[in-house]
Structure formats: C-alpha cells, structure tokens
Amino acid sequence: MNKLILKTLVGSRAHGLSNPDSDYDYRGVFVAPTREILRLNVSLKDVRWIEGNDDDTVYEIGKFLFLATKCNPTILEVFTAPIEEATDEGIALRKQFSRVWNPKGVKNAFIGYGLNQRKKFLERKDSRPNKYATAYLRTLVQAYYLLTFNTLIVDMSETEEFETLKKFKSGDYEVGEVIQKSYDWQKKVEQAFEMNPDKKTDIAQIEAFLLKIRKRNW
C-alpha cells in the first residue's frame, strides 16, 4: 500500500495571491512499497492527480527526487511550501533541498517555465491571461531569490514584487508591462547565476537517502 509522507499547500493560496474563489492546490509525495517496485514486469504509477474541489497531485518519491534534481520549479516548491501533512520521512525529505538543486538547472528550468507561461499569457490560454502573467513573473522572482539567497520563497509577500504580482493577478496591466517586467527579472536571474555558478546537485547523497527510504518501506 502506498504511503503518503508529505502534503503541501501550493498555488495562489500559498503564494499569497488568492481571492475568495481561489482553489486549494496541494502537491505531495508518497512512497510505493519496495517489494512492488522490484516485482517482475512492474508498471508503477508514479504520479497521481485528483481534481475536484481541490487540485491534489502526488508523486512517488523516486520520480519526485528525479524531477527535483532537474530543478523543476513546481517540484522544488514542495520543499519549502506550507506543510499540510508530514511524516518523519516527509520532514527528512524536505531537509534534502540544499542537495537537490544546482544554479545552472535553476536558471534553465525556471526561465524555461517562465517562457512557457508567457506563451500561454499571449495566447490567452483558457481565457485566463492574468493567471499566466502572474506565473511568468513569479517564477523568475523565485529563481532570483533562490540563486541569490539559497532559499526558495513561496509566499510572495516576502518579495519586492508582491504589489506588482497582485496587479497582474487582478488584470491591472498592459501586455507590454508584463513582458518588460518579466524580461528585466530574467536578466536578473541570469546575472545571479553568474555570481553563483558552481554549486552541484549531490546525486550520491540523494541516492543514499532514497535507498534508506526504500529499505524502510519494504
């Protein structure tokens, strides 16, 4: 039986950018029994997504850590987002944060994610351009803070662009303003990377941690 070890609040309510109608979004991590992983011809479902009143996505720990080492922005948030539920193993997982990310990966993954949000914003995907305008800027601000201060900020009220993000979320912007503001932050991310290029992902320690979890969950 799969075991949930961590559940965090993400999305606009974690970012401090929600309104009364905003959904509750959760992202978490579960551990599949090791004996199930080692079975012959196993087909492991490593991501589960449930949508209802809440959006709830959970990743099997192996998949989760792999994506974390690739500096996936939505995955890295789980390490610092508000905790809804956590076992001792979930708390130990969060303590691996400094080992999983590296500056080059953050620069590339966060800028890439931001550009994807820009594309959706310009295309007015789902008729929700405000959402994508906000995500475009937010992701770049998060990357800058991570590269500069070694911490991933989830609550955007702690950043200098909180009021701008609230404006974008409410639709109070010109398209050119969104593009220029985000472009400026992309340049700041690139400069922050140049000041901190050498940190590496500690693959050996991450694999050792994963092996320990597998042994405990036979």
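Reply: What follows is a short tour of the salt bridges.

This is a predicted model, so local features need pLDDT of at least 70 and side-chain atom pairs count only at pLDDT 80 or more, while totals for chains, interfaces and linings use all residues. Residues are numbered from 1 along each chain as its sequence is written, and side-chain values use heavy atoms, with hydrogens and water left out.

A salt bridge here is a side-chain nitrogen of Lys or Arg within 4 Å of a carboxyl oxygen of Asp or Glu. The whole structure holds 12 salt bridges. One of them joins the side chains of K7 and D56, at 3.8 Å from N to O. This pair links distant parts of the chain. K7 sits in strand β1 (residues 3-10), D56 in strand β4 (residues 54-60), and they are 49 residues apart. Strands are DSSP runs of E with at least two residues; helices are runs of H or I with at least four; both are numbered from the N terminus. K7 and D56 are both buried. Buried means under 20% relative accessible area, exposed over 50%, and partly exposed in between (1.4 Å probe, protein chains only).

Next come K119 and E123. Their side chains meet in a salt bridge at 2.9 Å, N to O. They lie 4 residues apart in helix α7 (residues 103-123), so about one helical turn separates them. K119 counts as partly exposed, at 48% relative accessibility. E123 is partly exposed too, at 48%.

Last, D126 pairs with R128 in a salt bridge, with the closest N and O atoms 3.7 Å apart. D126 has 48% relative accessibility, so it counts as partly exposed. R128 is partly exposed, with a relative accessible area of 40%.
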